[in-house]
Amino acid sequence: DPVLELQGIAKCYNPGQPGAVNVLEYCDLSVAAGEVVALVAPSGAGKSTLLHIAGLLDTPDSGAVLLNGQQMTGKGDQARTIARRREVGFVYQFHHLLPEFSAAENIVLPQLANGVARGAAEERAAALLGSVGLSERMTHRPAQLSGGEQQRVAFCRALANQPRLLLADEPTGNLDPATSETVFAALMALVRDTGMGALIATHNFELAGRMDRVVRLDTGRLVTQS
Ligand code: ADP
Ligand code: ADP
């Protein structure tokens, strides 16, 4: 069963106004459990818009979004927020970690918000950080970590609540090639371990080619590249 299905997604900003931008025309996409799909697009093509719609942060003008087979289009804000918290993990180009909290606490807090007991949340944070080689960095604050370490913590945070779908917007875009490689390897290992589905936007064609499938966003439509 697909973890994510987009069916005929369309999105226009400022419709009917002089500044109207028809970003997405008709986007179809299916991401299966355990599948890692690369999303490549020229800047401004609508990649962030598509990821925000897939992650229920934004709504399409038409078309359907299904998470784990559940129709999300037309659901109220509260149902969408609950589904997003439980089923979707986000990673961005910049880590967006809370600066005043430790690496571990950044992974504990979203679990507490989701009703997990503190002890269990701390255990999961430690296990996740261990799996990306950061056992020695648990009590460090984001500013005390390198860029690659910050991004690995951000992946752990995205996975804190065991989502079925990971959405990543240029997760290695801010890193040098060697660090990108480490971060990408950690990401792939995490995804493979959990069996989640992932949609990862990247400008890095070499990394895209190592994912299971590449889709290109071109003039508002998704085209399968390989
Ligand atoms: P990408 O992530 O591929 O760079 P975006 O999805 O951020 O592209 O944006 C696609 C297009 O939509 C761009 O032309 C951008 O300027 C425009 N756009 C994005 N968000 C808004 C908005 N809130 N209002 C109006 N136009 C927007
Ligand atoms: P940009 O859209 O300028 O590229 P980023 O995508 O790097 O910025 O990160 C900021 C984004 O975080 C905002 O566009 C916003 O839509 C998104 N966002 C808002 N609420 C949440 C949330 N609860 N979880 C994850 N991301 C969120």
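This is a predicted model: local features need pLDDT of at least 70, side-chain atom pairs count only at pLDDT 80 or more; totals for chains, interfaces and linings use all residues.
What share of the protein's contacts with a separation of 6 or more comes from residues 24 or more positions apart? I looked that up before anything else. Such pairs account for 71% of those contacts.

**Overall build**

I checked the overall dimensions next. The C-alpha trace spans about 50 × 40 × 35 Å along its principal axes. For 226 residues, a compact globule would have a radius of gyration near 17 Å, and the protein comes out at 17 Å, so the two agree.

I then went through the secondary structure and found seven helices and ten strands. Of the 226 residues, 48% are buried. I also looked up the accessible surface, which is about 10300 Å². Carbon and sulfur atoms hold 50% of that surface.

**Ligand 1**

Which residues sit around ligand 1? I listed Y13, N14, V21 and V23, then P42 and S43, and finally G44, A45, G46, K47, S48 and T49. Sorted by class, this shell has five nonpolar residues, six polar ones and one charged one.

G44 puts a polar backbone atom 2.8 Å from an oxygen atom of ligand 1. G46 also uses its backbone, with an N or O atom 2.9 Å from a ligand 1 oxygen. With T49 the side chain is involved: one of its N or O atoms is 2.5 Å from an oxygen of ligand 1.

How much of ligand 1 does the protein bury? On its own the ligand exposes 560 Å², and the protein buries 60% of that. I also asked which elements give two or more residues to the shell, and they are β2 (21-32) and α1 (47-54). The largest share, three residues, comes from α1.

**A closer look at α1**

Since α1 kept coming up, I gave it an entry of its own. Is this helix mostly enclosed or mostly open? Six of its eight residues are buried, so the rest of the structure largely encloses it. I wrote down the buried ones: K47, T49, L50, L51, I53 and A54. Two of these, K47 and T49, are also on my list around ligand 1. T49 is the one I had already marked for the 2.5 Å side-chain approach to a ligand oxygen.

Last, I looked past the end of the helix. L56 follows α1, and its phi is positive, near 65°.

Conventions. Residues are numbered from 1 along each chain as its sequence is written. Chains are lettered from A and ligands numbered from 1 in the order in which they are written. Side-chain values use heavy atoms; hydrogens and water are left out. A residue is near a molecule or strand if one of its heavy atoms lies within 4 Å of it. A polar contact is a pair of N or O atoms within 3.5 Å; within protein, one must be able to donate a hydrogen and the other to accept it, and residues adjacent in sequence count only if both atoms are side-chain atoms. Accessible areas come from the Shrake-Rupley method with a 1.4 Å probe; for residues, only the protein chains shown count as cover. Helices (H or I, at least four residues) and strands (E, at least two) are DSSP runs, numbered from the N terminus. Ala, Val, Leu, Ile, Met, Phe, Trp, Tyr, Cys and Pro count as nonpolar, Asp, Glu, Lys and Arg as charged, and the others, Gly among them, as polar. The radius of gyration is taken over C-alpha atoms; the globule rule is 2.2 Å times the number of residues to the power 0.38. Buried means under 20% relative accessible area, exposed over 50%, partly exposed in between (1.4 Å probe, protein chains only). Contact means heavy atoms within 4.5 Å.
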